[in-house]
Amino acid sequence: MIKGSPVWSPDQGLQTNMPATVIPDRACQSTKNVVFFDGKIVVRPGIQAAALVDPGTSSGNITHMNTMVTQDAIFYLLRVENPSGTLGKAYVFDPTLQTWSDITTLPLFVASDYHRPTSAQFKGEWLLATGGSNLMRWNGSGTLVDVTAAQSDAALKAPQNPYFVCATASRIFLANSIDNATDERIPWRVHWCSSYDTSIYSNGSGDGKQLSAGFRDLTHDSSPITGMIYHGSTSVVVF
């Protein structure tokens, strides 16, 4: 349910670091599942039986599925499968047309049969990390776009072939990826994009165009990152 939080504090005055109304991450099941949209609280689009529809076009093992709701409240179901070993394909299910469409253009390589792709939704985009290809982006139309290749400025490019992606309210995070300068995988590094812009990242050069993008090496035990999730309202948990 929606929880109220105190806006005024006797000793600190107005608290500007928290909203007057707090909505849980999984929305409000007891209040018809509402979400923030365009500065307002609106009802989340209802659950649809897309997952029960026969893919029809399936040509391999399904290794990942996720949902996406566009900024104009259109619901999609997405799936990734490996029809030929490590070569993957991605499909989207349109509930209006009741059809699956192949949104793969470039070869989509997954890291291995035992590593499953990860994906996240951010600002009307679906972002897919397979570990074997660059980060891919789908915006509700057309086909997947290579995020690294789409950025022409080398100082702002996303790292290559991330294993993991997750999104917070203001940016996306990538983990266990290949450094663009050395072409070597840095398994303990976490990158984040600039605020609200999934096309801008940092290579550590200090270029002002990188804005708030950055990265951090989690080297306390030098072990590779094996998982990453978004938890709570602001926290990213790395395993």
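Analyst: Two strands are paired here if DSSP finds at least two bridges between them, strands being DSSP runs (E, at least two residues) numbered from the N terminus. The model is predicted, so local features need pLDDT of at least 70 and side-chain atom pairs pLDDT 80 or more, whereas totals for chains, interfaces and linings use all residues. Residues are numbered from 1 along each chain as its sequence is written, and side-chain values use heavy atoms, without hydrogens and water.

User: What makes β12 and β15 the edge strands?

Analyst: The open sheet has 4 strands in the order β12-β13-β14-β15, with antiparallel pairing. At its edges, β12 (118-122) and β15 (145-146) each pair on one side only.

User: Why is the pair of Y76 and W138 called edge-to-face?

Analyst: Their centres are 5.2 Å apart and their planes lie at 85°, so they meet the rule for Phe, Tyr and Trp (six-membered ring), namely centres within 6.5 Å and planes over 60 degrees apart for edge-to-face, under 30 for stacked and the rest tilted. The pair links Y76 in strand β8 (residues 75-84) with W138 in strand β14 (residues 136-138), 62 residues apart, and both residues are buried.

User: Why is the pair of Y163 and F164 called tilted?

Analyst: The ring centres of Y163 and F164 are 6.0 Å apart and the planes are at 35°, so the pair counts as tilted.

Key:
Buried means under 20% relative accessible area, exposed over 50%, partly exposed in between (1.4 Å probe, protein chains only).
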